[in-house]
Amino acid sequence: MIELKYYLLISAFLFSLGVFGVLTRRNAVNVLMGVELILNSANLNLVAFSRYSSSGIDGQMFAVFVIVVAAAEVAVALAIILTLYRVLSTVNLDRADVLKR
Amino acid sequence: MNLGNLDSLTFFYPELILLGGILLVVISDISLKGLRDRVNPLLTLAALLLALFYTLQTDHGSAMTLFEGMLALDNFALFFKAFMLVAGVLVLLGSLHSEELAAVHQGEFHALLLAVTLGMLLMANSAHLVMLYLSLELVSLTSYIMVGYLRSDRLSNEASMKYILFGAVSTGAMLYGFSLLYGMTGSLDLFAIRDALLAQEVVGFNQVTLMLVVVLTTAGFGFKTAAVPFHFWCPDVYTGAPTPVTAFLSVAPKAAGFAILVRFFLGGLSQPAGEQWGFISGIDWPLVLIVVSVLTMSLGNIAALTQNNLKRMLAYSSIAHAGYILMGAVLLTGTGLKAMLVYLFVYLFMNLGAFFVVTVIFNSEKTFELQDYNGMFRRSPFLAVAMSIFLLSLIGIPPFAGFLGKLYIFGAVIDQGLYWFAVVGALNAAVAAFYYMRIMKHMILENDDRPPTPLQISPLNRALLVLLLVPNILLIVFWSPIDRWTANSITLFGGL
């Protein structure tokens, strides 16, 4: 059986990748993909911990909730990106700068 | 005492009423074409008031948990539930005669307001990591939509975009922290987490992991409370959002963030010992939060000094106030917690008041710029005096309510012997006085050459201004009931 630490390493890697994506991408949709990686790294942690411990399926249940909320979050985020696109004709975050003084 | 699912329903009326209210508003919005603009606000108001009534009626005896340990019902939660509902009522009334929102159809706005209030009620009593996450996301998702409510407005859209990207990342980080905490303790229930942490030695690698958990979860709560360094969204979002929404965001979700922060750190990561809490040995999380608090109030106040847009200035001021409120939470004492509650309570009325004056002035002037406030005293003495009272209250000048909050917070800090912390707070209050006074100077002393035309204020707005002024002036008279109420409200489930 694969040891727990490999799951944790992969999830840490995914988390870092997500944060890196969020910080470097200027396209709003790409930033959202980074966010998805962060959420899924947490999911992987939760499921792995739950599988390798004797605490029942609490962690797996939490992961299911996270997946559902993530879907809702993406729906809202894409709707907002769409309305912004209608106003700005771009989804580049550097162009959304009216609020900066 | 732990209640099962069916027994819990008796104590769940406020949430159920809000849920019914959301459904009714949505139904009336699609079925009553002609009447809906009148029916929806009334339905929303009725739901909020009924929920408030049941919240104040709740007599739960001692602290207990509902729904198999998902929610904790205690006096602390009841205080915040009443707080959220009052904030909801005041914001609803403030949004009725707002020119910004009048341009778009408001049906969804009322449903969203009820949904965000429902989320905040759940936030105030969640005692389980799943519940904590779900309620936080319910509040976040609905407030993203409320910020971007003016669909054709570029500022509103931009604000909403920044809000959701920031929010998604910080709640994601918080979630990663939760997953590590679950791995360490094997449980998602806050009180079981505490027991598991107390049972094991937190040393070496565990210490590092727990510190990481503290930092990551602080990102989530810091985002909700707009604490430095998670405040970057705050000025932009507050400037871009419709003013009634800004007023709401600066008070209610912020307070909910503090409720959840106290619930997590005091309920999950510290143990009650006599009159105060001790943090679980190995992680000095109060120190982390003290640093955050000092940075938050200093940065908020200093950045507010140079702002010329009223909404942006009040946004920075609300960041600074989050710093003061955090001072009460990190002390780990009953007096500190009580001071935090008093401060939040008075902050509700003074901050909503200040934002409401901004809304009223925008209605006729279409501007948020400070220089356009010149000569406001000659045009509407009532409005200028009202704004001055809200601002003096925000500074903490004695006859007004804000003084009570500052008094309790600094008293609690000095009580713990943290003199330098109190000095930093006092210096900050002095800096804050400068920019609040600057607004008053523009409104009262500076006049432009134009002949003063009287400012139109609708009767409803005038009544609401009086309603917000009364607590600011009179709370000081009702000092002892507030003292008793908040002292009673610090009982946490599994705490003191």
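Which residues of chain B do ring pairs link into a cluster? The notes below take this up in point 3.

1. Basis. This is a predicted model, in which local features need pLDDT of at least 70, side-chain atom pairs count only at pLDDT 80 or more, and totals for chains, interfaces and linings use all residues. Residues are numbered from 1 along each chain as written, chains are lettered from A in the order written, and side-chain values use heavy atoms, without hydrogens or water.

2. The A–B interface. The size of an interface is often given as the accessible area lost when the parts come together. Here chain A and chain B bury about 3700 Å² between them (accessible area, 1.4 Å probe, lost on being put together and summed over both parts). Carbon and sulfur atoms give 77% of that area. Helices H1 (4-24), H2 (28-52) and H3 (58-88) of chain A each supply at least two residues to the side of chain A that touches chain B (helices are DSSP runs of H or I, at least four residues, numbered from the N terminus). H3(A) gives the most, with 17 residues. By class, this side of chain A has 29 nonpolar, eight polar and five charged residues (Ala, Val, Leu, Ile, Met, Phe, Trp, Tyr, Cys and Pro are nonpolar; Asp, Glu, Lys and Arg are charged; the others, Gly among them, are polar). Contact (heavy atoms within 4.5 Å) involves 42 residues from chain A and 41 residues from chain B.

3. The ring cluster. Ring pairs join B:Phe76, B:Phe79, B:Phe80, B:Phe83, B:Phe345, B:Phe349 and B:Trp485. Rings of Phe, Tyr and Trp (its six-membered ring) pair if their centres lie within 6.5 Å; planes under 30 degrees apart are stacked, over 60 edge-to-face, and the rest tilted.

4. Two single pairs. Over all chains, the rule gives 30 aromatic pairs. The planes of B:Phe53 and B:Tyr54 stand at 75°, with ring centres 5.6 Å apart, so this pair is edge-to-face. B:Phe53 is partly exposed at 44% relative accessibility, and B:Tyr54 is partly exposed at 32% (buried is under 20% relative accessible area, exposed over 50%, partly exposed in between; 1.4 Å probe, protein chains only). B:Phe221 and B:Phe265 are also edge-to-face, at 6.3 Å and 80°. This pair links H10 (residues 205-225) and H12 (residues 243-268) of chain B, across 44 residues of sequence. Both B:Phe221 and B:Phe265 are buried.

5. A loop glutamine. B:Gln307 sits in the loop between H13 (285-305) and H14 (310-329) of chain B. B:Gln307 counts as buried, at 13% relative accessibility. Leaving aside neighbours within four places in sequence, B:Gln307 contacts B:Arg312, B:Met313, B:Tyr316 and B:Arg438.

How values were computed:
Buried area is the accessible area (1.4 Å probe) that two parts lose on being put together, summed over both.
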